[in-house]
Amino acid sequence: MLALAAVPIVAIGGVAIARLDRQVRAYLAGPALGAVRVYAAPTVLRRGAPVPGGSLARKLARLGYRQAEGGALAAGTYRAAGGGVDIAPRPSPAPWAPAPTPARVALQGRQVADIRADDGTPLDKLELEPEVLATLGRGGGALDAGADPAPPVCRAAVLAAEDRRFFHHPGIDPSAVARALLADLRAGGRRQGGSTLSQQLAKNVFLTPHRTLSRKVREAMLALLLEAHATKEEILRRYLASVYLGEDGAVPIHGFAEAAEAYFAKPLGDLGPAECALLAGIIRSPNGLAPRQHGPEALARRNRVLAAMIEDGALDAAAGQRARAEPLRLAPPHARAVGALYVADEVARELGRLLPAEAARAPGLAVFTAVDADAQREAEHAVRRHLEAFDRARGQRRRETRRLQAALIALDPTSGRIRALVGGRDYGSSPLDRAVRARRQPGSAFKPFVYLAALDPARSPNGGARTVVSPLEDTPLEVPAGAHVWRPVNYDGVFHGSVPVEDALAESLNAATARLALDVGLEAVAGAATDLGIGGPLPLVPSLALGVAETSLLDLTAAYGVFASGGVKRTPDLVVAITSSAGETLYAAHAEETRVLDPGAAYLVTHLLERVVDTGTARAARRTGIEGPAAGKTGTTDDTRDAWFIGFTPEVIAGVWVGFDDGAPTGLTGAQGALPVWIDFVRATAGPGATRPFDVPDDVVWRDVDPSTGLLATAGCPETRREPFLAGTEPQRPCDRHRALWTAVGTGVGDALRGGGRAIETGGRRLFGWVGRLFR
């Protein structure tokens, strides 16, 4: 009877062990921390292009490459010699990536001058493996611990503090359990743990923190399985790369490499005995022994670990005494690049959509994104720098609960995929992704859709399409809206009379834009926005033209991307591919493209947006170093609740939002709040293609026109602009408003006599302009 009863128990136990065994195998095939590793796009060095990130040494360090002294280079090492760098790339984690090619990279300043294979064959590019952005585990996203191995002194400190018999037990240590029970009995409560490093790793990776007998049994079994499938060195490496070591600005610190940066602002390899002992000492109680909050307790614990290291022979007495005499030296709290955690959160949401539920939960997944690791860092820096500047200008203190927020998203104009994503100023204090998940009124950043509806002949079936210089009336407007009357006014409170279309958008004139929207029809305006990717609801009310319909920064930026791509709408994908722990491709994104605009219509709007940057509300971009083609639009909502700038160059499409989460007034316009962040980011990420002009479609023709009439310019016109037109819509007759040269000169002289010095200046300016045109 006992034997029969034991059969199902053994069978159930065997099934449970087999399940745990599969979990352990999958974990060992993946990252040390978490079930999923999130990668950036591959690092590509191109001949004649800038070095990614501005420094090849820094880029290689981030990838975990080691500098070799002599002999043949092993994979993952490099050597600088003779004005160049010899690199031995590691295999990429992406199964489809090309085989690693050892090469020599010659540099000239921050440019890649030449790339040659080992045999001297010239190469156009050298692809290195992608950086790890973050990992995903049971607790959500976390920064990757990095590829740097812990120095021997840190390994010794952890063993002295947590598991002195690590290399002598099979995963569980009965003698340690007995010592812990005895200590607890003497203290009348739990005072000492008996878990080995293998048990702690199993608990951290697989189990919940709830202390139950069944969890303790699973912990022991998982520890034995870890020891069965991995070497002691591998277990120790994974432990050091994943152990929880407190928080930095509410962001969890996992692993010694992250802790070295957070607490000491040093690379892991530069830590000394005192610093390693401090980190090892706080493992037992990361929050109760947090060095910044509980310095004396952390210092006392550090010294006990140093004493244990001396006792174990890992540190000689003299070195131990010097380390014990060191004061607690912590780096001041500093901003770390944690914006990749916004990316990790979006990846976590995408996994459930892109994979079956069981596959999405499998450990060891590798997620490959389109994020450019260097662009991501620059985006974080731009957001942080300007928010801190705004705080200083406002005299805001860090303890204030309401703090100005910002978000930035950047897309690749060729693929439409996400290159950088920052969802807020600080993930630790506010993980809300304002770039993707928040919806706000875009204000004047919505206006390009109004002008698209007016310029695109396909949206004006009755032949009423405008040109970029068609006149608009910027005069007082009253529109009945239920029991009220809607009266749009300009930001400066001034009406400008008759203005050409391009000036109305460049100066963001509300009355002229509202009048244009009513003329072309609100349905056409809403249809244009919808076609380009702005989701509903889009209320058919006159104020729709001025951006009252809420949207996300991602949707608005992707919609501007249609202008940048010549009328092609592309999906702003974040995830490019997903592979299993065995390297099997579980998901691969397919490029989805839909032509929603004729190239000519897209170019006309791009031309209008260029004028916004050149002479309009975003002209500060030119004063602060943006060179080459650039187009975009500012946006400001009522009472300055939201500040926007969405813009693009031939290399990147980027959008920025600045505001308070609760919608309080910021006192910042789009040009004051969002544009400076955009400028910083675009300047920092500019590459060799930044000066390439926007492509002009074949159906666009150019003419010299008088902007006040929209007709062909003559010698008598006071201003001439060279403007684009869709073929067949260009003006056919010359301007008839301005008279011959001698009549105009006479008028100018008469004005001077009647109006004094200002008229003299105006008459002289006109005269010199007209004479110049005669001899042009």
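Visitor: How many of the 11 residues of helix α23 (residues 675–685) are buried?

Guide: 8 of the 11 are buried, so α23 is largely enclosed by the rest of the structure. Buried means under 20% relative accessible area, exposed is over 50%, and partly exposed lies in between, with a 1.4 Å probe and protein chains only. Helices here are DSSP runs of H or I with at least four residues, numbered from the N terminus.

Visitor: Which residues of α23 are buried?

Guide: Leu675, Val677, Trp678, Ile679, Asp680, Phe681, Val682 and Thr685.

Visitor: Before we go on, what sort of model is it?

Guide: It's a predicted model: local features need pLDDT of at least 70 and side-chain atom pairs count only at pLDDT 80 or more, while totals for chains, interfaces and linings use all residues. Residues are numbered from 1 along each chain as its sequence is written, and side-chain values use heavy atoms, with hydrogens and water left out.

Visitor: OK, helix α19 next. How many of its residues are buried?

Guide: 10 of the 12, so α19 is largely enclosed by the rest of the structure too. Among the buried ones are Leu553, Leu554, Tyr560 and Phe563.

Visitor: And what does α19 span from first C-alpha to last?

Guide: α19 (residues 553–564) reaches 16 Å, close to the 16 Å expected at 1.5 Å a residue. That expected span is 1.5 Å times one less than the number of residues. After α19 comes Gly566, with a positive phi near 75 degrees.

Visitor: Which other residues have a positive phi, glycine aside?

Guide: Ala265 is one of them, with phi near 55 degrees. Ser508 also has a positive phi, near 55 degrees. Most residues other than glycine have a negative phi.

Visitor: Where is Ala265, and is it buried or partly exposed?

Guide: Ala265 is in the loop between α8 (256–264) and α9, and at 42% relative accessibility it counts as partly exposed. Ser508 is in the loop between α16 (501–506) and α17 (510–520), and Ser508 is buried, with a relative accessible area of 11%.

Visitor: Now packing. At what angle do α9 and α10 pack?

Guide: About 110 degrees, with the axes of α9 and helix α10 (residues 295–312) 8 Å apart. That makes α9 roughly perpendicular to α10. Axes are lines fitted to C-alpha atoms, for helices over the stretch in contact, and angles run from 0 to 180 degrees between N-to-C directions. Under 35 degrees counts as roughly parallel, over 145 as roughly antiparallel, 65 to 115 as roughly perpendicular and the rest as oblique.

Visitor: Which residues meet there?

Guide: In α9, they include Pro273, Ala277 and Leu278, and in α10, Arg301, Val305 and Met309; contact means heavy atoms within 4.5 Å.

Visitor: How do α3 and α9 cross?

Guide: At roughly 40 degrees, with the axes of α3 (residues 152–162) and α9 (residues 273–282) coming within 8 Å. α3 and α9 are therefore oblique to each other. Val153 and Ala157 are among the α3 residues that meet α9, and Cys276 is one of their partners there.

Visitor: What about α3 and α10?

Guide: Their axes come within 9 Å and cross at roughly 100 degrees, so α3 and α10 are roughly perpendicular. The contact includes Ala160 and Glu162 of α3 and Ala308 and Asp312 of α10.

Methods: Helices (H or I, at least four residues) and strands (E, at least two) are DSSP runs, numbered from the N terminus.
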